[in-house]
Amino acid sequence: MYTLGIDIGSTSSKAVILEDGNRIVARSLYALGAGTSGAARVIDDLFEKANLSWGDIAYCIATGYGRQRFEQANEEISELSCHALGMSHLLPGIRTIIDIGGQDVKVLSLNDQGMLENFVMNEKCAAGTGRFLDVMAGVLETTTDELGNLDAQATDPVKISSTCTVFAESEVISHLAEGNKIPDIVAGIHNSCAQRTAGLARRLGIHKPVGMSGGVAQNAGVVRALERELGASISVPENCQFAGAIGAALKAYKKCKSVSYTHLTLP
Ligand code: ADP
């Protein structure tokens, strides 16, 4: 049985097809999010990779910021529960999930059964989000996926004191003008991002083990800075950016299983 999960985020669209709720048949990501052609593009790419079509899909669940506009889904579910389920599947036993996407930072607390217990979210401000890092990478004339490598070369990280993206950008420009090395500026940016996120996480309480999802989890510099701030090691699963889509496909599978079970037991 094939189920499809699609996570239409603020910045990118991600989709996966699962076979029998455990094997990823195909996955696709396009760096365009809610309200764009991103969702249609990932679906086309996904079906091409999997050599499948809508007729093969038993159930589809959409999640993420743009989920309500995806008409092909059988159901739409909030990204919090999809992320919790996806991460529990990728990192069994996980108790705290830090998700940094393009536009928001979320910290989720799970109980020892893997059920979502509590969460905190920073959604009204770009500081510390993927967007913040994308803007900073642009100012430093590099790309977001290079930030982790640059951070590893830092010897004397600068201090970024502004929490506002616009002011932090001016600070970065001042550091550049003063001749500070790019790796040291990058490490300073990551430290400021980690301080904000750790402040949010502490409001919830840190239960170990801790895992990280979302696109920013691929930035090893942010992960290291957060580990230092929290005093806890952080696991990052291979499919960290797909956690929500995987959770949605798993929920779709669970839905089909319970439906077929009901059918079997009815007289
Ligand atoms: P959303 O679901 O809100 O669209 P994502 O979880 O897809 O967000 O994360 C998008 C963010 O991830 C981007 O803004 C970017 O900063 C970051 N990102 C994406 N790919 C990478 C990468 N290879 N290395 C570091 N950061 C990345």
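The model is a predicted one.

**The sheet**

Start with the strands. Five of them form an open sheet, in the order S8-S7-S6-S9-S10. The pairing is mixed. Strand S8 (116-122) and strand S10 (234-235) are the edges, and each pairs on one side only. Look next at strand S7, residues 105-110. S7 and S8 run antiparallel, joined by 6 bridges.

**The helices**

Helix H2 spans residues 79-90 and packs on the sheet. H2 touches strand S6 (96-100), S7, S8 and strand S9 (210-213). The direction of H2 makes about 60° with that of S7. Helix H6, residues 182-204, lies across S6, S7 and S8. H6 runs at about 145° to S8.

**The ligand**

Which residues come nearest to the ligand? There are 18 residues around the ligand, and Thr11, Ser12, Lys14, Asp134 and Gln241 come nearest.

| Residue | Protein atom | Distance to a ligand oxygen atom |
|---|---|---|
| Ser12 | side-chain N or O atom | 2.6 Å |
| Gly215 | backbone N or O atom | 2.9 Å |
| Gly130 | backbone N or O atom | 3.2 Å |

Ser12 uses its side chain here. How much of the ligand does the protein bury? Taken alone, the ligand exposes 580 Å², and the protein buries 84% of that.

How values were computed:
Residues numbered from 1 in each chain as written. Predicted model: local features only at pLDDT ≥ 70, side-chain atom pairs only at ≥ 80, totals over all residues. Heavy atoms only, no water. Pairing = 2+ DSSP bridges. Helix = DSSP H or I, 4+ residues; strand = E, 2+ residues; numbered from the N terminus. Contact = heavy atoms within 4.5 Å. Axes fitted to C-alpha atoms, helices over the stretch in contact; angles between N-to-C directions. Near = heavy atom within 4 Å. Polar contact = N/O pair within 3.5 Å; in protein donor to acceptor, adjacent residues only side chain to side chain. Areas by Shrake-Rupley, 256 points an atom, 1.4 Å probe, with all protein chains shown as cover.
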